[in-house]
Amino acid sequence: MSAISPAIFAPRSGPLSRAVDWVIRHPRMFVFLMVLPITLWLGIVYIGALIALLIQSFFSIDEYSGLIVHEFTLKTYAELFRSYNLDIIIRTVSMAAAVTLASAVIAFPIAYFAARYARGKWKALFYIGVMLPLWSSYLVKVYAWKLVLAKEGILNWLFAKLHLTWALEAALALPVVGGNSLSVSYLGTFIVFVYIWLPYMIIPVQAALERVPAPLLEAAADLGATPGQSFRMVLFPLAMPGIVAGSIFTFSLTLGDYIIPQIIGSSRLFIGQAVYTQQGTAGNIPLAAAFTVVPIVIMGLYLWGARKMGAFDAL
Amino acid sequence: MPVREPPPERTDMTDAVTFRGVSRHFGPVRAVDEVDLEIRDGEFFAMLGPSGSGKTTCLRLIAGFEQPTAGHIEIFGERADGVPPYLRNVNTVFQSYALFPHMNVLDNVAFGLRVKGVSRAERLKAAEEALSMVELAGYGSRRAGELSGGQRQRVALARALINKPRVLLLDEPLGALDLKLREQMQEELRKLQRALGLTFVFVTHDQEEALSMADRVAVFAEGRIQQVGSAEDIYRRPASRFVADFVGSSNVIPADFAGVGAAGQWASLRPEDITLDPAGREAVVTGRYFHGRVVKLALDVGGQALTALVAPRDDLPDAGQATRIAWDPARVHLMERGS
C-alpha cells in the first residue's frame, strides 16, 4: 500500500523560496516589483534628463561672455523664429513629412504581401530582408549611398545605360530639391532617409495588417465592395494605427538625424545638425535645447492630430 | 369533363443555386468532391455535417470566396464561374460575424448601401429600419465590441439583409451562442425567412438545429453529399450508416436481426422506437443514464448492443438486470448502403 499523499504540501523552505511564495500570494506586490525598475528608469534617467534639457531651453546665453545666464527667459525660443533658424525647422519638417509619406507608400505593399501571402520560409525571408539592413552599420550604408548617388556612381551609369539620363537631369534641374548630382541634393538626402528608415515603417504596418481578420475583407467583398472600396473603407482604416506607429518612427528619426544630411545633400543645416553645432562648437546649450524641443512639440501636435482624425479608432 | 392541369413540377422552376459536378480541391485535400445539388428558390436549406465535411467550402463557393476546381455553379440559372463576390447578389452571415471594428453598428449595417453609392441620409435610414427588423433599434451608435454575441449576430444579419440578396448564406451563425439564445434565434431566423420569402442556405454541424429549421437538409461527409431530403426523410429513412449515425445517433443493426430484411443488409432503428415490453425479446441492461426528459438504456440482446431512450419511470431496470424489449418493425428502416 502506498501512503496517502497530502492534500496540501508543506511550505517550501529556504529564504528565497519563502519570499517567492509570499510574493505569489500578493499579486499587487508582484506587479509593484515588476514595474519598479521600469518606473525608475523611465522616471529618472529618461524623463528626468528630458526635464533637465527643457529647463536649459529657458535659460539664455550672454552674448559677450558666452556664459549661460541662469534666469528664466523666452529669449532663446524667440531666436528660433529668426529666419535663419526658422528655415532650418521648415526644411527639417518638410523633409520628415516627405520621408514619412514615401515610406508609408513603399512600405504598405511590402507589408501587405508579408502579412497576407507570405508563409513559412517566405515569411522568414521577409523578416531577414527587412531587418538585415538594420544589422549593418548605419555609417557604412550612408557612405555606400554617397557612392551610389555620386555623379560617377552606379545610379548615373544605370540611367545612362537605360537612356534615361534626361530624366535624372530633369529631376536635378528642379529648384530647391535638385542640385549638381544626387549626392549633393535634397533629393539624395530624401532617398537615403527613406532607405534607412523604411524597416521602421514596414514592421508596424505589417503587424497591423496581420491583425486584420481575413473574414473582414471577405465580408466587405460579400457586401458589394470592389477591391478598391475594400481597401479604402476597411483595410486602410484598420492598418492606420500601424501606419501612425511607423510614421512616429520615420518622422521623429528624420527630425532628429544629423548624420545623413551632413554626408548627403546640400550643406544647409537640419535640426539635428543645428543642435550638434549649437551645443558643440558654438557652446550655446540653451539654443540647442530649444531646438531639441521643436521635434517634441511637432510630434505632440502630430499625435494629437492623428488622434483627432481617428487614426487610433481601430485600436 | 375538363382535365385539370397538374400543378407545375418544382423542377420547372429556376433553382436558386445549382451545383453541377462541383469539386474544390486544396492540393491533395478534396474539400468538395463532385457535388451535384439543387437549392430551390425560397427554401430554407441546411448543409449538415461534421467539421471538415465540405459544407462550409460549399457555402464559400456560392459566395464566391472560392472557385471550383471542376464543375460549375449556377445562381438563378446564371453561371457564376469566375464571378467575384462583389458581383454576386448573395450575402453571407459569417461565423465570426466579421463586423467592422472601426465603424459603429449603424455604419456596419449601412456598408452594403454605402459601397453602392446610396446617399448618407438614405442609407442610414435604411440601416435603422434593418436594425429594428432584428429588434436592435437604437443600438446604431454603439461599437460592435460593446454588443453581446447575440446582438452581434443580429447586426450581421441586418447588414447582410439590407442588400436584399437573392440568397442569404449563414455559416454556423448560432454556433457561438448559448443554448437559450440559440433556440430563440432559430425561431426568429425561421420567421424572418418565411416573412422575406428568401432562400436561406444554412451551414451547421448541429443535427437538431438542421432538422428543426430547414425545409430540406443535405448531409455532408468527406466532401460528398450523403443524402438530401426533408428533415423527416433524413431522420426516418437514412440512406447510409453514416447518416443514420450522425443524424440522431441510431442503432445500426443487421437487417435480419431487426426482422425486416435478409442477412448482409443493414437497418436503422431509432433509440426512441425501442420500448420496454414484457412480451418482447430478452435483453440485459448494461448501463442506465438519466438525461432528464429521457433515460438512456444501454442494452445487450443476445450479443447485439442496442441503445434505447425511454420515459423516466420508477420501475426502470437497473444496470445488470434483465428486461424485455420490443419495437415496431414499421419503424425499422432498411438502408441502401451499409457503409
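Predicted model: local features only at pLDDT ≥ 70, side-chain atom pairs only at ≥ 80, totals over all residues.
**View 1. Overall form of chain A.** The C-alpha trace of chain A spans about 95 × 65 × 40 Å along its principal axes. The radius of gyration of chain A is 26 Å. For 315 residues the globule rule gives 20 Å, and the value for chain A is well over that, so chain A is more spread out than a compact globule.

**View 2. Helices, strands and packing in chain A.** Chain A holds 14 helices and two strands. Of its 315 residues, 31% count as buried. Consider the contacts in chain A between residues at least 6 apart in sequence: 68% of them join residues at least 24 apart.

**View 3. The two domains of chain B.** Domain 1 of chain B covers residues 10-240 in the domain assignment. Domain 2 of chain B covers residues 249-334. Taken over C-alpha atoms, the centres of these two domains of chain B are 38 Å apart.

**View 4. Where chain B meets chain A.** Here 19 residues of chain B contact 17 residues of chain A. On the chain B side, β6 (90-93) and α2 (105-115) each supply at least two of the touching residues. The largest share comes from α2(B), with three residues. By class, the side of chain B that touches chain A has eleven nonpolar residues, six polar and two charged.

Note on methods
Residues numbered from 1 in each chain as written. Chains lettered and ligands numbered in written order. Domains from an automatic or database assignment. Contact = placed C-beta atoms within 7 Å. Helix = DSSP H or I, 4+ residues; strand = E, 2+ residues; numbered from the N terminus. Nonpolar A, V, L, I, M, F, W, Y, C, P; charged D, E, K, R; others polar. Rg over C-alpha atoms; globule rule 2.2 N^0.38 Å. Buried ≥ 20, exposed ≤ 12 C-beta atoms within 10 Å, placed from the backbone.
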